[in-house]
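Please look over the model below before reading my notes. Keep the sequence at hand as you go.

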Amino acid sequence: MDAAKPPGIVVHQYAGLPHGEAFEHWRDRALGPCGLEIGPSQGDSIDCRLQVSVVDNITLALPEGASAQYSRTQSGLADGSDDLVLIAAHAGLVNVRQNGHAVELAPAQMVLADMSITGSVGHTEENRFTTIRMPRRALLDINPRAEEKLSQVLSDGAVAETIFRYHSLAAHHAPHLDAVGQRLTCLLYTSDAADD
């Protein structure tokens, strides 16, 4: 954890091979609570900086670095999570897999992924994305038809730009707000995500 970051914003950083005591410790801290596995997206080693911000019941992640692949594996499904994750491409071509089905996202494109099935997404220095993880029920309360958009490329450029900017604002500033401010931020955020 980065001591310069305030509570609610956590930064996990690792560079090295995907095994050994240091890797296991980092993986458990960074991804253990998320039910995800991590490996290299290219080459043999991981180079990853993962900033995670928690705002009420939404988790915002800003992954960066030269090589990391995040996977929801069959063993990870045992946690029972059915959260939904909005993955938004920022640069390059981001490959998202869900239950064996692949979607390639260009910049300003997004996909709504399901944590109750297997899947993966990775980044390099050229291929970058952000994620928003939200409880399924919270999104469906706002948009009952959101599940119809699962694993489909969402590409309204204006909506994508709004979500990118809001993601940055919420990830950096919302954790500093009181409980009411965080809840309002979440309601605005899930409403924007549901409208695409």
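1. **Ground rules.** This is a predicted model: local features need pLDDT of at least 70, side-chain atom pairs count only at pLDDT 80 or more, and totals for chains, interfaces and linings use all residues. Residues are numbered from 1 along each chain as its sequence is written, and side-chain values use heavy atoms, with hydrogens and water left out.

2. **Overall make-up.** The protein chain has 4 helices and 11 strands. Both are DSSP runs numbered from the N terminus (helices: H or I, at least four residues; strands: E, at least two). Of its 196 residues, 46% count as buried. Buried means under 20% relative accessible area, with a 1.4 Å probe and protein chains only. Take contacts between residues at least 6 apart in sequence: 71% join residues at least 24 apart. A contact means heavy atoms within 4.5 Å.

3. **Helix 1.** Which residues of helix 1 are buried? They are F23, W26, R27, A30 and L31. Seen down the helix axis, these buried residues fall within an arc of 100°, so they line one face of helix 1. The arc is taken from the directions from the helix axis to the C-beta atoms. An α-helix has 3.6 residues a turn, so residues three or four places apart point the same way. The cover over the buried residues of helix 1 includes strand 1, strand 2 (37-39), strand 3 and strand 4 (58-72).

4. **The largest cavity.** A cavity is a set of points, on a 1 Å grid over the protein atoms alone, where a 1.4 Å probe fits but cannot get out; lining residues have an atom within 4 Å of a point. The count comes to 2 cavities of 30 Å³ or more. The largest cavity has a volume of about 400 Å³. A volume is the space filled by probe spheres set on the points, which are joined across faces, edges and corners. Of its 27 lining residues, the closest to the centre are L36, Y70, V85, M115 and T131. Strand 4 gives the most to this lining, with 6 residues.

5. **T130.** This residue is found in strand 10 (residues 128-134). Is T130 buried or exposed? T130 is buried, with a relative accessible area of 6%. Its side chain makes a polar contact with the side chain of H90 (3.4 Å). A polar contact is a pair of N or O atoms within 3.5 Å; within protein, one must be able to donate a hydrogen and the other to accept it, and residues adjacent in sequence count only if both atoms are side-chain atoms.

Technical notes:
Buried means under 20% relative accessible area, exposed over 50%, partly exposed in between (1.4 Å probe, protein chains only). On a 1 Å grid over the protein atoms alone, a cavity is a set of points where a 1.4 Å probe fits but cannot get out, and a pocket is an open set with protein on both sides within 12 Å along at least five of seven lines; lining residues have an atom within 4 Å of a point.
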